[in-house]
Amino acid sequence: MNLNNAKFEISVMNKSQYPKGRTPEIVLAGKSNVGKSSFINSMLNRKSLARTSSEPGKTRQINFYNIDQRLYFVDLPGYGYSKMSKAEQEKVADSINSYLKNRQNINLIILLVDIRHKPTENDLQMLEYVQATGKHYIVLANKADKIAKTKVKSYVNDLAKTLKVDDDLIFPYSSETKEYVDEIWDVIYESLAND
Ligand SMILES: Nc1nc2c(ncn2[C@@H]2O[C@H](COP(=O)(O)OP(=O)(O)OP(=O)(O)O)[C@@H](O)[C@H]2O)c(=O)[nH]1
Ligand SMILES: [Mg+2]
């Protein structure tokens, strides 16, 4: 797969607009500002393929990034952004849930949480939705650059306990240092091979 051949394809609100065909999709889910868009850029070694912002609520639609016609990164809007109107939050939640529930192309769901913070109610709710899909998923403990290296493992273990998931499913990550990029590509390649 040529990772340099990556481009933004389409931004959608509802399912009539999802890309046609059966290209596998790697989905990025997580609360607003946790680093979903930055994840895409760091994995592809690009600065601004996916638009990021220090202000939460940057991504409001479902964005599809086409990687060499072999897979899509699907950047979901962030949830739990309190400044969004209630009506807009509901619209966003509906479009996320409808995508997760109905989309056959989903190959792997990557749920991002902040390695430093206790997961929120919204994170736990999203984990339930993810598990309910029955698809292969991992939890990415993002912003690992913000804690001491020697503590990464114990933070990951704590997260596993709080989320009640096997610690094999939790991977530290940092878009800033990119040191875990290869591990996550391995997970993605494996999920594609098992399809
Ligand atoms: N230190 C550090 N900062 C990060 C990391 N990943 C993302 N950030 C920063 O976190 C902020 C939010 O990143 P985004 O990638 O825009 O987050 P998002 O999850 O796409 O946010 P929404 O589009 O609002 O849902 C930006 O200021 C990023 O630079 C990381 O691994 N380490
Ligand atoms: Mg975003």
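**Ligand and pockets**

Guide: We start with a contact of Ser-38: an N or O atom in its side chain is 2.6 Å from an oxygen atom of ligand 1. That is a polar contact, a pair of N or O atoms within 3.5 Å. This is a predicted model, where local features need pLDDT of at least 70 and side-chain atom pairs count only at pLDDT 80 or more, while totals for chains, interfaces and linings use all residues. Residues are numbered from 1 along each chain as its sequence is written, chains are lettered from A and ligands numbered from 1 in the order written, and side-chain values use heavy atoms, with hydrogens and water left out.

Visitor: How much of ligand 1 does the protein bury?

Guide: Accessible areas come from the Shrake-Rupley method with a 1.4 Å probe. Taken alone, ligand 1 exposes 660 Å². Of that area, the protein buries 88%.

Visitor: Which helix gives the most to the shell around ligand 1?

Guide: The ligand is surrounded by 23 residues, Lys-36 and Gly-57 being among the closest; near means that a heavy atom lies within 4 Å. By class, two are nonpolar, 14 polar and seven charged; Gly counts as polar, and Asp, Glu, Lys and Arg as charged. With three residues, the top contributor is helix H1 (residues 36–43), a helix being a DSSP run (H or I) of at least four residues.

Visitor: What is the volume of the largest pocket?

Guide: A pocket is an open set of points on a 1 Å grid over the protein atoms alone, where a 1.4 Å probe fits, with protein on both sides within 12 Å along at least five of seven lines; lining residues have an atom within 4 Å of a point. Ligand 1 takes the space of the largest pocket, as more than half of its atoms lie within 2 Å of the grid points. The lining has 30 residues, and the volume, the space filled by probe spheres set on the points, is about 530 Å³.

Visitor: Which helix gives the most to the lining of the second largest pocket?

Guide: This pocket holds about 340 Å³ of space and is lined by 16 residues. Helix H2 (86–102) and helix H3 (121–133) each give two or more residues. The most, seven residues, come from H2.

Technical notes. A polar contact is a pair of N or O atoms within 3.5 Å; within protein, one must be able to donate a hydrogen and the other to accept it, and residues adjacent in sequence count only if both atoms are side-chain atoms.
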